[in-house]
Amino acid sequence: MTLGEYRCSDSEDNCSDSQNMLQTNELYGAVKCAVDDANCVLDGMDEESSRRRVLKVQGTSGNKLTIRAIKFKNGDATLGGGIHILGTNTKVDLQLCVFTKCNAYDGDYGGGAIFVANEAGIIVNIKGTSFSENQAFNGADIYKSGGLSGSAIITVTAACPTPYADNFPTKGARLNFDGYSLPTYSYSGCLPYNCEPGSYHPTIYSNLPSACVDCEGGKFSNSRGATSNSTCHNCGAGEYSTPGSDTCSLCATSKYSGIGSANCTFCPAGKSLIESSSGDESVACIACSAGKYIFKGGKSCTICSTGAYSGHNAGSCTPCSAGKYLTNSSTSNETIACTFCVAGKYSETEGRQFCNICNAGRFSSLIGAKHASNCSKCVAGQFSTQDGASKCTNCTAGKYSKFKGSPTKQLCSVCEAGKFSPSGASNCIACSAGKFSTKSASTNCTKCAAGKFSSSQGQYICKDCDAGKHSTTTGASSDSNCTDCGTGKYSTNPGATSCSNCKKGDYSGSSQQVCSPCPVLTTTTGEGKGTRKDDCSMEQHYKIVFGSGCVILFLLLLLPVFQSIRSKQALESALASIVPVEIADDHIYDRAVYESLAKRIKNTSQDYTQEEEAAILEGKALHMMCKEITHWKVLESPDSKVEMKIVHKDNESLVTGVATAVVDASVELCAASEFSNQKSRSHSKRAASLGITASYIKEVNDHTYYYISTREITESSLKFQPCELRSKITWKRQEDGSMIIDISDASDATILKEYPVKKECVLGSAHNIWVFEKLNPIGDVPQTKATFHVQIDFGDSIPSIVMTEIAPKFLGLVTRLREEFDKSREIAAAKLARNDPTVLDRAVMLTLANIIKNEPQKYSKDEEDAIHAGEQFYLTHKESKTSQKLASPDDKVAMNSIYKEGDSLITGMARTVVDTHMEECAAWVYSHIDSNEK
């Protein structure tokens, strides 16, 4: 029999009869399953759950019928539910069978599994057969008719059938046996142990698991219960198996194997896999080309990482050492692969594809530099504008720079008049006494011409010898070189190199500016002959001319008055075109001025001179320098929203300070406000509180003016020498939208001459920068980052404790700017709206209401038709007399409806009075559909 389960169909046409599933008549030989594991099942329950006897054996013709490895299941009959054996001389061997859930329901007889009739010559041998869950009134497992004296013989053998005779069966439960004298037990377990796939029984009849032998590595077997190693098959190329495998596995990536391999092999370092289905390394692996590498077990040859190199067949790459960079990765020779960093560059770590570049303001002359510290700052008086400099460039003669590490030549400031410098100077040298330099950026000083002198250092002009004196000496260093004109001589103009003789008729004493005329009708004997009045003697023919000098003098006196009147009218006319001069409130006036300027900054292009461009670049350079400073002293700012810090050495006159804040205004407004500050009415009124005792404005153009001021520095009961500043103020918009205002020393000789330094004052030096950068707005409030850089040389040594008190005053300009545009309330409202959606809904509604009220709208024909239809709908139902009043949940809202019983249409109307404008009502309804609240 083939493996499977067998049962009767519902039509019963494939069964023996209604009581028996199968029946044999005089059949002998063998009925057995294809295999000995009892997986051929005869089920006495048909497809409709009706049950019958499984098998009836009616005689064997005196021969033997062997039934082997059959499972009898669910048999049901009056007697012998599993098998009924009868007939004279019937011989049956039951080998390796299983009887389960079989039933005999006769009240007198039994044999739930086996019934043997009491007939002569019946012999039943049972070997290796098991019984379970069988039922009967007598002999639930086996019943022999006739009892002990009956003719039939039943033998249950405690041995296994051939070919398992050498095995020892397992003793099971005691049999429920009727008609037999001795206790009898069920036996099973004769079959050999079924080895798992991947192993086999070399001894076919052994039923011990330990007898299984694993297939060796490199082979597999998917057969269960195999009895020979012939079922172990070689794994294919590119596969492997461990001992006892039921299948082969593919070699992992990067490994190879031949046929029947117990394991896979990695290509060695330096080689990559090209053919996994080969056991020969020379076929399976190929060497990496130069410039690539692979470690043992790698997937593929990899290009050397940045800055590393390798030769042919490399298992790793070698990085270029510090101070070098990679130029050729396909070699194993470092000399060829790596190149020293050139001067101006360095590499701090190994494995670099390129060298780092020394930043502008630094240089390195070292080839193969390994550290950033090899990039030295340019010394004061030098600069490097390009990254990667191998040397620094000197500031040209006539200029100087006190900054170390200068990244721009714009930090080379011109020497002011009265000073000079050679190339690469860190300071300007004052012209020595007897010399001068009129222009700024002088490369040398000029000796005072004859008739002139300079008695102190740093003079931009030489003083004239007084009228009545003269000098023939060049380079005079004292007024002692100015010699008095002798008697009878004079010098009218200062700076004379010689004295003139008094004309005939005039006389003079020593050191005179003019000669005195002799009295009327007297004269001298000749030119230069009159040394005193007594030298005058009577002479005829003199003419006296007078009067015209007075007229000329009178006109000269009036000329400045006329000029003043003309200038004042022009000024008032110019102001009237921008700001009404009748504005009495200083703050309103000043605001109107800077708002007008802000518009021009935003909308009007400006032309800048080369000098102005240079000033802006110097300002940017100071801004960059301040960013690099790390040793700031943070000040206690009087304004919590303004950060202040300074750099100052005790008892030095130079201080550098920075103040930063966020201003609630646009970049243009911030710049316009600060540019106009020194010219504002408000500044004039608070000048005294800032220590400013005098100030002057000289306009240049729309983006530049000069500011001349005198300041007294008094702090902590200490008073210092008054300081005067000459500042040139220029603004310029940058390409990124930011604004820069540069406030630097005025070096123009004309300014210094027009506004000379008072004797009791020192000339200070200041370089201030405003930088305004746009930030993201908060709601509708623009935001600007304002940074104020201050670098002032007060010209007098100031203790740090005093500077700490002074600094917040001049850095306090940022507070004034912040407070000028403070919109804290508007920002708070914007943030509230962001967190409370209903606030935003109301803002949207109010904006729409304003549009409804003030902005005419255009409508398409479809929109006009829709509005007209809505109006008709309203009028129709407004006048309806069939509407019913509804019970409104709001006593201030009247509700009506029109509805016919059985209709699907209902029309409703609600009316109320709302305490607001009609436009706001309409805007609320229109915007509520898409509101945050809804």
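Me: Which residues lie nearest the centre of the largest pocket?
Reply: Those are Tyr400, Ser413, Val414, Glu618 and Asp745, out of the 49 residues that line the largest pocket. Keep in mind that this is a predicted model, where local features need pLDDT of at least 70 and side-chain atom pairs count only at pLDDT 80 or more, while totals for chains, interfaces and linings use all residues. Residues are numbered from 1 along each chain as its sequence is written, and side-chain values use heavy atoms, with hydrogens and water left out.

Me: What's the volume of the largest pocket?
Reply: About 1,300 Å³. A volume here is the space filled by probe spheres set on grid points, which are joined across faces, edges and corners. The grid has 1 Å spacing over the protein atoms alone; a pocket is an open set of points with protein on both sides within 12 Å along at least five of seven lines, a cavity is a set where a 1.4 Å probe fits but cannot get out, and lining residues have an atom within 4 Å of a point.

Me: Which helix gives the most to the lining of the largest pocket?
Reply: Helix 5 (residues 610–628), with 6 residues. Helices are DSSP runs of H or I with at least four residues, strands are runs of E with at least two, and both are numbered from the N terminus.

Me: And how does the lining of the largest pocket split by class?
Reply: There are 19 nonpolar, 16 polar and 14 charged residues in it. Nonpolar covers Ala, Val, Leu, Ile, Met, Phe, Trp, Tyr, Cys and Pro; charged covers Asp, Glu, Lys and Arg; the others, Gly among them, are polar.

Me: Switching to cavities: how many of 30 Å³ or more does the structure hold?
Reply: It holds 1, and the largest cavity has about 30 Å³ of space. Glu674, Phe675, Asn677, Gln678, Ile741, Ile743, Trp770 and Leu813 line it. Helix 6 (667–675) and strand 68 (739–745) are the elements that give two or more residues to that lining. By class, the lining of the largest cavity has 5 nonpolar, 2 polar and 1 charged.

Me: Why is helix 6 largely enclosed by the rest of the structure?
Reply: Because 8 of the 9 residues of helix 6 are buried. Buried means under 20% relative accessible area, exposed means over 50%, and partly exposed is in between (1.4 Å probe, protein chains only). The buried residues of helix 6 include Cys670, Glu674 and Phe675.

Me: Which residues have the most contacts inside the largest nonpolar core?
Reply: Trp731, Ile741, Trp770, Phe772 and Leu811, in a core of 47 residues. A nonpolar core is a set of buried Ala, Val, Leu, Ile, Met, Phe, Trp, Tyr and Cys residues joined through side-chain atoms within 4.5 Å.

Me: What does tryptophan 731 touch?
Reply: Its contacts (heavy atoms within 4.5 Å) include Leu597, Tyr608, Phe675, His703 and Ile741, not counting residues up to four places away in sequence.

Me: Now threonine 90: buried or exposed?
Reply: Threonine 90 is buried, with a relative accessible area of 0%. It lies in the loop between strand 9 (83–86) and strand 10 (91–95). Leaving aside neighbours within four places in sequence, threonine 90 is in contact with Val57, Gly59, Thr60, Ile85, Gly121, Ile122 and Ile123.

Me: Where is threonine 66 found?
Reply: In strand 6 (residues 64–68). Threonine 66 is buried too, at 14% relative accessible area, and it touches Gly29, Ala30, Val31, Asp93 and Gln95, not counting residues up to four places away in sequence.

Me: What is the order of the open sheet of 3 strands?
Reply: The order is 8-12-16, with parallel pairing. Two strands pair if DSSP finds at least two bridges between them. Strand 8 (76–77) and strand 16 (135–136) are the edge strands, each pairing on one side only. Strand 8 and strand 12 (residues 103–104) pair over 2 bridges, and the partner of alanine 77 in strand 12 is alanine 104.

Me: Last one: how many helices and strands are there in the protein?
Reply: There are 14 helices and 74 strands. Buried residues make up 40% of the 934 residues.
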